[in-house]
Amino acid sequence: HFLGPTQLAVYAFASNIPERLGGIIKQISTIALPKLAKKNECELSRTIPQKTKQLFFISLISGVAYVIIAPFIFNIFFPAYTNSVIYSQVYTLVIILSITTSLPLTAIFATRSSYIYSLNISHPIYSTVLILAGVYYFGLWGALIGKIISGIILLVQTHTHVSTDTQE
């Protein structure tokens, strides 16, 4: 709404393909939930950081591949929106952060930690504030920067909690 119809269309095209590709990889954490729920907190504190690194590298390789082929995809399928390519390539960072955060979030959920309630309240609040402030000051680039910063904060929160809470 605040961006206007043209910028909103650019954002929709920029985010759609990375979101679809990222959704495939994010399913790994959904599949892992029953397995993680059976493990105790000490096991999770040992295994989650390593598995998260592996998931990060998988998403990073996928993200780099997408950044390389995005101009071709847009030229072939969306020639009217080739100005969305750079935004789509940057949006890949949002997806990489989201994928990397998904496994620690699943581990927090699996341990039935009350910390999940804190995240469910705080993350949407600071995410909304960052995105709205970004849009207000920098337009579409601000929205992307707000989403990236929000993803980094969530990543730090989840990794910090998995590392410290599960080791206690």
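In helix α1, the residues V10, Y11, A14, S15, I17, P18, G22, I25, S29, A32 and L36 are buried, where buried means under 20% relative accessible area, exposed over 50% and partly exposed in between, with a 1.4 Å probe and protein chains only. The model is predicted, and local features need pLDDT of at least 70, side-chain atom pairs count only at pLDDT 80 or more, and totals for chains, interfaces and linings use all residues. Residues are numbered from 1 along each chain as its sequence is written, and side-chain values use heavy atoms, with hydrogens and water left out.

Helix α1 covers residues 5-37, and the 44 Å from its first C-alpha to its last is close to the 48 Å expected at 1.5 Å a residue, that expected span being 1.5 Å times one less than the number of residues. At I24, α1 bends by about 35 degrees, the bend being the angle between axes fitted to the seven residues ending there and the seven starting there.

V64 lies in helix α2, residues 41-77, and is partly exposed, with a relative accessible area of 45%. Together with F57, L60, I68, I69, F72, I76 and F77, V64 forms a nonpolar patch on the surface, with about 840 Å² of accessible area together.

The protein chain holds 5 helices and 0 strands, with helices (H or I, at least four residues) and strands (E, at least two) taken as DSSP runs numbered from the N terminus. Buried residues account for 39% of the 168 residues in the protein chain, and its C-alpha atoms fill a box of roughly 55 × 30 × 20 Å along the principal axes.

Notes. Patch = residues over 30% accessible without salt bridge, like charges linked within 9 Å, V, L, I, M, F, W, Y side chains within 5 Å. Areas by Shrake-Rupley, 256 points an atom, 1.4 Å probe, with all protein chains shown as cover. Salt bridge = Lys/Arg side-chain N within 4 Å of Asp/Glu carboxyl O.
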